[in-house]
Amino acid sequence: MAAGIPVTAMLLCGRGGLTALDTFVAGRAAALAGRLRGELRFVLVGGREEDAQRLPGTATITLVDGLDEGCDTGAHARLLATFIDRGVALLPATREGNEIAARAAARVGGGLAANARSVEAAAGSPLTIERTVYADRATATVALREGIPAVVTLNSEGLGGRRTAATGSARTRFAALDQTVAGFRVVGRRLPGPWEMDIGEAEVVVAGGKGVATKEAFGLLAELAGLLGGAVGASRPVVDVGLVPPSRQVGLSGRTITPRLYIACGISGSPHHLVGMRGSGSVISINSDPHAPIHALSDVRLVGDAAVLLPRLIEQVRSRTETRRAALRELSEVRV
Amino acid sequence: MSGAASTGGSPVVVVCMTTALDPEERPALEELRRKARSVRRVVNPADRAALEAALRLRDSQPGTVVIALSLAAAADEEPLRWALAQGADEFRRLWGESCAELDSIGVASRLATAARALGADLILCGSRALDGSGGGVGPAMAEFLDLPVLNDVAALSVRGSLMRAERRLRRGLRAEVECRLPAVVVVEEGAFGPRYARLRDRFRALRADVPVLTPASAGQEDGGPGKAEPRVAVRSLSGPKPVGGGIFVPDQTLSPEAQLTQLMGGPPGPAGGRSSIGGAIDEAVGLLEELRFLD
């Protein structure tokens with residue numbers, strides 16, 4: 001790719017400001033702009049002045065109104081399209097990020113590479129990205145054609161690597177969104193409780209087993225699931241004693257689920273149970289037995305008494321989700 | 001674009017479908033590189049949900065016309081006949097020389113033009129193709145047609161030209177939305193479990209004629225997006241990146257006895273090597289943050 005190509009990062013700030021993924025995308029954008037010797041621009045959606053101070057590189061920063069949850073992304077896609085020129089745009093690979101990226105790429109007739117784990121560029125060669133394809137069976141190295149705009153969304157697989165510290169100076173301005181975009185209207189929002197949400201459709205399932213088979217412990221599990229917007233599940237012994245309805249049983253004689261996150265508490269991990277949850281994106285296991293088979297499948301293992309560990313985890317999660325719950329309470333139509 | 005619903009006629013629902021690698025198959029990397037025809041392909045699971053959503057709309061509103069539309073080579077026609085067996089009124093295959101190596105934006109451009117030519121009031125898509133990871137075709141189609149797009153839809157109803165839908169958002173939140181037709185809807189996979197096809201419909205699908213549209217007959221202008229060199233091209237394929245967790249494998253450099261001892265001892269120590277409870281909790285919170293479950 002030729003030198004002097006502008007790089008724009010559109011960052012979709014969470015309620016608590018820039019997320020870890022936003023910061024990662026910002027770092028990659030700064031590095032890319034350096035390599036392509038192009039102008040660096042940030043568009044902060046829902047961002048504040050203090051978020052702008054945390055961004056790396058010497059950049060032009062534009063602050064625009066945030067996206068309320070569930071609202072139309074059309075105006076943001078149009079705004080991004082005005083920034084792209086013939087350059088590169090980076091976004092976080094969230095639901096909204098992928099949607100805005102696809103709409104903006106279509107609008108400018110650019111190349112789209114979604115859910116990339118990395119993006120690389122060198123002067124005189126095309127932009128290349130790496131991403132998982134064929135349902136996680138292969139990794140593809142993909143080249144974007146030179147001379148046309150490129151829109152890339154980055155997922156969290158590259159997190160934990162390089163992060164660029166805030167340096168340089170920035171010019172900050174505000175921009176208005178195009179209010180004429182034909183979209184849809186949100187007429188209501190609802191947050192189903194952990195005992196109401198179906199385990200098959202939940203992003204997070206907090207499941208309990210024989211090790212936590214008490215009403216009090218399941219109260220804690222429901223509290224954690226509620227804070228994360230998830231559902232309560234269980235292994236067979238808990239269902240057998242009537243503590244949890246059979247519709248929430250995970251495993252061979254229950255249901256097979258594939259949530260983004262599965263939190264297993266007091267579940268040893270018998271093969272019959274693992275069959276039902278091994279398609280989960282990530283797993284956190286809490287069990288007092290360090291040799292419990294569930295630990296072999298988990299990304300984070302917490303070895304100890306669930307009655308001690310759960311309240312501490314809940315306390316941390318509660319403090320880190322308070323902003324969102326407060327914001328949801330402010331939306332009059334939300335039934336929480 | 002203005003469809004039949006806005007003029008009081010029978011609404012036309014176009015369902016965009018594609019094929020994907022059979023999830024049950026375990027092809028070698030070389031087969032994937034060669035895009036070998038021996039690798040079985042099936043209807044993309046998310047698109048099955050989109051078709052089911054369309055059929056349920058027709059059940060609730062008789063007279064609705066459901067058209068399955070796919071940009072697919074002749075070799076992919078057979079699995080896609082499934083749409084007719086399920087109850088689609090028509091199945092149109094879109095194909096031409098320029099369609100062989102299209103990227104997602106090129107695919108969206110051609111499907112959008114064809115859907116417009118078919119007079120679509122509502123365009124339904126699956127949330128993502130199992131083979132890829134983009135999920136950008138639906139939103140890009142909406143942009144080409146200048147229509148609203150609703151993502152992550154788990155329930156849908158249409159009355160006249162007004163549509164109501166439930167969207168599943170992040171962290172459990174549900175949003176009820178209203179939208180005027182025409183529109184593009186991207187259906188949440190798993191929200192619409194497909195029905196069982198009747199045997200006689202399966203036979204009917206096998207014998208049915210499938211009209212082939214070309215981009216030109218659908219009104220695609222020469223030089224449209226994706227016509228020239230693909231915007232995005234796969235340069236190489238390699239094995240999947242190793243992931244954490246999984247089955248614990250003992251250190252292969254140890255003696256068989258030592259490996260057995262290690263196996264009997266289970267996976268490495270508490271909290272992934274962290275000894276303190278506080279450290280383990282921090283690690284769990286770090287994962288929650290990485291997955292965007294925290295503010």
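Q: How much of chain B is buried?
A: Buried residues account for 52% of the 295 residues in chain B, where buried means under 20% relative accessible area with a 1.4 Å probe and protein chains only. This is a predicted model, in which local features need pLDDT of at least 70, side-chain atom pairs count only at pLDDT 80 or more, and totals for chains, interfaces and linings use all residues. Residues are numbered from 1 along each chain as its sequence is written, chains are lettered from A in the order in which they are written, and side-chain values use heavy atoms, with hydrogens and water left out.

Q: And what's the secondary structure of chain B?
A: Chain B has 9 helices and 12 strands, taken as DSSP runs (helices are H or I with at least four residues, strands E with at least two) and numbered from the N terminus.

Q: Switching to chain A: where does Glu203(A) sit?
A: Glu203(A) is in the loop between strand 11 (185-190) and strand 12 (204-208) of chain A.

Q: Buried or exposed, that Glu203(A)?
A: Glu203(A) is buried, because its relative accessible area is 11%.

Q: OK, what does the side chain of Glu203(A) make a polar contact with?
A: The side chain of Arg260(A), at 2.8 Å. A polar contact is a pair of N or O atoms within 3.5 Å; within protein, one must be able to donate a hydrogen and the other to accept it, and residues adjacent in sequence count only if both atoms are side-chain atoms. The Glu203(A) side chain also reaches the backbone nitrogen of Arg171(B) at 2.5 Å.

Q: Which residues is Glu203(A) in contact with, leaving aside neighbours within four places in sequence?
A: Among them are Arg95(A), Pro259(A), Leu261(A), Leu169(B), Gly172(B) and Phe293(B), with contact meaning heavy atoms within 4.5 Å.

Q: New topic: how many residues of strand 15 of chain A are buried?
A: 6 of its 6 residues (282-287). Ser282(A), Ile284(A) and Ile286(A) point one way, while Val283(A), Ser285(A) and Asn287(A) point the other way. In a regular strand, side chains alternate between the two faces of the sheet.

Q: What joins strand 14 of chain A to strand 15?
A: 5 bridges, with strand 14 (residues 261-265) and strand 15 running parallel; strands pair if DSSP finds at least two bridges between them.

Note on methods
Buried < 20%, exposed > 50% of the residue type's maximum accessible area, 1.4 Å probe, protein only.
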